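Work through these exercises with the structure open beside you. Try each task before reading its solution.

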Amino acid sequence: MRITFMAKVACCALLIPIPAVAEFKRVESESEFRNLLTDKRLESGEAWLLLQSDGKLIGEVETQPVVGAWIWSDGAQCSNGRIGKNPETGTICHYWEVDGKTARQLSDRGRSEIKVYAIGE
């Protein structure tokens, strides 16, 4: 009787869907970047960004406004901005990877921190 019960448990376990592992794909071109990420609200915790198609960058980090500008350069999105009344950040270039409605920003061309954003409308 115990074997039958364990067989049923094992069988049912096979029927439970397992979420797919995220398969992020690197954004390789400016046209792909514009199609996937510009003019869409990118949200991460207490921060959001909007990389506008006209090259402006706006958003908010922990209630502080974010303003700046961005361009595409050598396979990366490069931006210079300011958070609140802080000085400008200087130009920082980011690689981006996308998996469906999730994006990863790899700062300093992948040599620094990684931020994960939900891609909104």
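The exercises below use a predicted model.

**Exercise 1. The surroundings of S79**

Task: Decide whether S79 is buried or exposed, then describe its contacts.

Solution: 
- Step 1. Locate the residue. S79 is part of strand β6, which covers residues 76-83.
- Step 2. Compare with the threshold. Buried means under 20% relative accessible area. S79 has 11%, so S79 is buried.
- Step 3. Look for a polar partner. The side chains of S79 and Q77 make a polar contact at 3.5 Å.
- Step 4. Set aside neighbours within four places in sequence. S79 then contacts L57, A69, W70, G90, T91, I92 and H94.

**Exercise 2. The largest core**

Task: Find how many residues the largest nonpolar core has and which elements give two or more residues to this core.

Solution: 
- Step 1. Take the size. The largest nonpolar core has 15 residues.
- Step 2. Sort by element. Two or more residues come from each of α2 (30-37), β3 (47-51), β5 (64-73), β7 and β9 (114-119). β5 gives the most, with three residues.
- Step 3. Beyond four places in sequence, L42 touches L37, A47, W48, L49, L51, W96, Y117, A118 and I119.

**Exercise 3. Strand pairing around β9**

Task: State which strands pair with β9, and how many bridges join them.

Solution: 
- Step 1. Start with strand β2 (residues 41-44). Two bridges join β2 to β9, and the two run antiparallel. L42 stands opposite I119.
- Step 2. Turn to strand β8 (residues 102-106). Five bridges pair β8 with β9, again in the antiparallel sense. Here R104 has V116 as its bridge partner in β9.

**Exercise 4. Aromatic pairs**

Task: Give the count of aromatic pairs and work out the geometry of two of them.

Solution: 
- Step 1. The count comes to four aromatic pairs.
- Step 2. Take F33 and W70. Their ring centres are 5.1 Å apart, with 65° between the planes. Planes over 60 degrees apart count as edge-to-face, and this pair is edge-to-face.
- Step 3. F33 lies in helix α2 and W70 in strand β5, so the pair ties together parts 37 residues apart in sequence. F33 and W70 are both buried.
- Step 4. Take W96 and Y117. This pair is tilted, at 5.8 Å centre to centre and 35° between the planes. W96 is in strand β7 and Y117 in strand β9, so parts 21 residues apart in sequence are tied together.
- Step 5. Check burial. W96 is buried at 1% relative accessible area, and Y117 is buried at 5%.
- Step 6. F33, W70, W72, W96 and Y117 form one aromatic cluster.

Definitions and conventions. Residues numbered from 1 in each chain as written. Predicted model: local features only at pLDDT ≥ 70, side-chain atom pairs only at ≥ 80, totals over all residues. Heavy atoms only, no water. Helix = DSSP H or I, 4+ residues; strand = E, 2+ residues; numbered from the N terminus. Buried < 20%, exposed > 50% of the residue type's maximum accessible area, 1.4 Å probe, protein only. Polar contact = N/O pair within 3.5 Å; in protein donor to acceptor, adjacent residues only side chain to side chain. Contact = heavy atoms within 4.5 Å. Core = buried A, V, L, I, M, F, W, Y, C linked by side-chain atoms within 4.5 Å. Pairing = 2+ DSSP bridges. Phe/Tyr/Trp six-rings, centres within 6.5 Å; stacked < 30°, edge-to-face > 60°.
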